[in-house]
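Subject: Structure for your review

Dear colleague,

Please find the structure below, followed by an account of what was found in it. I would be grateful if you could read the two side by side.

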Amino acid sequence: MHESHDAPADSATTVSGYDPDAPRKPFNARGSFVSRCPECRLPKLNCLCPYRVAAESRVRFWLLTHPIEHYKPTNTGRLISHILPETEVFTWYRTEPDPRLLALLDDDRFAPFVVFPDDQADYAERVVGPEAVDAALADSRTPVFILLDGTWRQARRIFRRSEYLASLPVLPLKTSRLTRYRLRKAASSEHLCTAEVAAELLRISGDTEASAILDDYFEVFNENYASSRRDRPGEAPSGAMQRLLERRGDADGASDSNRT
């Protein structure tokens, strides 16, 4: 839903968030011949991987991604799975829903919410607020935010045409945040990209550290991708880069300590 600036595998995905066995569509736009990192998909000169930090959260994200989004290097949905390894990514097919997704929706351990605006009356009875997330946590269930990953038009199609979502509560994101996404033109500064939506949901849910990590990682993605368009490495390390490197150092130090 939330790759609103132009806008974000039929089987379980890898930790990086995408099925390696999914068919690959040739990327023929500008930069199609650039040597890219297989993990972050940015040009190797501007690789994100040195800034990748795993975070923990009480909530989870399941991305229902339009097939076209998988092939866009500017897609930010995959950034969520880089930071939160338990993220699940499914490709949306209207007539062939992913069996794993259907099984997860029936799993009582999870309390899924479709993140979508509350701007239509025909599903008003399904709309809930953040207190529903708190209630799920109090009931020892894991809240799951289902993000419709595509353009706004694609997201509305996914929402309207997916019968398996029709009984789920709808959680609109209420925030004053304006987008900082610079890689696609926004129809409105209030339209957040997928990673920004996830960061805000984490913040609202009380997972402030995970929110800050994802926010910084998204900012580095913005910076490095912009540098890649100029065919040069990034400038001096930004504040977001420095914070992530410090977190990586802390994590590496803790890991080394556990091995001694």
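A residue is called buried here if its relative accessible area is under 20%, exposed if it is over 50%, and partly exposed in between, with a 1.4 Å probe and protein chains only. The model is a predicted one, in which local features need pLDDT of at least 70 and side-chain atom pairs count only at pLDDT 80 or more, while totals for chains, interfaces and linings use all residues. Residues are numbered from 1 along each chain as its sequence is written, and side-chain values use heavy atoms, with hydrogens and water left out.

Overall content

The chain holds 7 helices and 5 strands; these are DSSP runs numbered from the N terminus, helices being H or I with at least four residues and strands E with at least two. Read from the N terminus, the elements follow the order β-α-β-α-β-α-β-α-β-α-α-α. The chain has 260 residues, of which 50% count as buried.

The sheet

The 5 strands make an open sheet with parallel pairing, ordered β2-β1-β4-β3-β5. Two strands are taken to pair if DSSP finds at least two bridges between them.

Helix α4 (residues 152–161) lies across β1, β3, β4 and β5 and runs at about 125° to β4. Contact here means heavy atoms within 4.5 Å. Axes are lines fitted to C-alpha atoms, for helices over the stretch in contact, and the angles run from 0 to 180 degrees between N-to-C directions.

Strand β1 (residues 60–65) is joined to strand β4 (residues 142–149) by 6 bridges, and the two run parallel. Thr65 stands opposite Asp149 in β4. With β2, strand β1 pairs in the parallel sense over 4 bridges, and Leu64 has Phe90 of β2 as its bridge partner.

In a regular strand the side chains alternate between the two faces of the sheet. In β2, Glu88 and Phe90 point one way, Val89 and Thr91 point the other way, and all are buried. Glu88 belongs to strand β2 (residues 88–91) and has a relative accessible area of 12%. The side chain of Glu88 makes a polar contact of 2.5 Å with that of Arg100. A polar contact is a pair of N or O atoms within 3.5 Å; within protein, one must be able to donate a hydrogen and the other to accept it, and residues adjacent in sequence count only if both atoms are side-chain atoms.

Helix α6

Helix α6 (residues 208–229) has 22 residues and spans 32 Å from its first C-alpha to its last, close to the 32 Å expected at 1.5 Å a residue. The expected span is 1.5 Å times one less than the number of residues. Helix α6 is mostly covered, with 16 of its 22 residues buried.

Residues with positive phi

Arg41 is not a glycine, yet its phi is positive at about 70°. Arg41 is placed in the segment before β1 and counts as buried at 16% relative accessibility. Ser140, also not a glycine, has a positive phi of about 60°. Ser140 lies in the loop between α3 and β4 and is exposed, with a relative accessible area of 69%.

Salt bridges

The whole structure contains 12 salt bridges, each defined as a side-chain nitrogen of Lys or Arg within 4 Å of a carboxyl oxygen of Asp or Glu. One of them joins Arg52 to Glu39, with the closest N and O atoms 3.5 Å apart. Both residues are in the segment before β1, 13 residues apart, and Glu39 is partly exposed at 37% relative accessible area.

Lys72 and Glu69 meet in a salt bridge of 3.2 Å, N to O, and both residues are buried. In the salt bridge between Arg160 and Asp122, the closest N and O atoms are 2.4 Å apart. This pair links distant parts of the chain, Arg160 in helix α4 and Asp122 in the loop between β3 and α3, 38 residues apart. Arg160 is partly exposed, with a relative accessible area of 47%, and Asp122 is partly exposed at 48%.

With kind regards
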